[in-house]
Amino acid sequence: MHWLIWLSVGIVLGILELFTPGFFLVGVGVSMAIAAIPAALSMALWVQLLVLIISLVLFFLLIRPLVMKLPSSVKKSGADALEGEKGVVTEDIDPVEGGRVKVRGECWKASSDEKICKGEEVKVIDIEGVTLKVRRG
């Protein structure tokens, strides 16, 4: 009957992981589910705990680092999505006064560290409020 406790807590932790960042609770939950195996075979508590500890160590040393390196599926939106996009200067950009650019069909205020003339292609390198920081590109 101890195996049911191990398994139940493991499943609950796995579900709770859906509401937390960091890929932590699922590791503990999976390790607890693995610890349910020796419990189901009526092995001693120390064996169950040993399996739990080994599972935790393996998970946090091997599996979690690999998963954390996977690219995030979070998509940028709004002005943040413009970073890296190319546009065309519609009004000369002066390092002091700025200018205007057209990116994805929309006109934006723009600033640059260099003078860029109307008609030149630029690349958005940063967003500062409602002003795009651009460079030749």
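Strand β2 (residues 98-103) and strand β3 (residues 106-111) pair in the antiparallel sense through five bridges; helices (H or I, at least four residues) and strands (E, at least two) are DSSP runs numbered from the N terminus, and two strands pair if DSSP finds at least two bridges between them. The model is predicted, with local features requiring pLDDT of at least 70, side-chain atom pairs counting only at pLDDT 80 or more, and totals for chains, interfaces and linings using all residues. Residues are numbered from 1 along each chain as its sequence is written, and side-chain values use heavy atoms, with hydrogens and water left out.

Within this pairing, Val101 stands opposite Trp108 of β3. Five strands close into a barrel of mixed pairing, in the order β1-β2-β3-β5-β4.

Helix α2 (residues 25-40) contains Ser31. Ser31 counts as buried because its relative accessibility is 1% (buried means under 20% relative accessible area, exposed over 50%, and partly exposed in between, with a 1.4 Å probe and protein chains only). The side chain of Ser31 places a polar atom 2.8 Å from the backbone oxygen of Gly27, and the side chain of Ser31 also reaches the backbone nitrogen of Leu56 at 3.3 Å.

By contrast in topic, Leu61 belongs to helix α3 (residues 45-68). With a relative accessibility of 61%, Leu61 is classed as exposed.

Key:
Polar contact = N/O pair within 3.5 Å; in protein donor to acceptor, adjacent residues only side chain to side chain.
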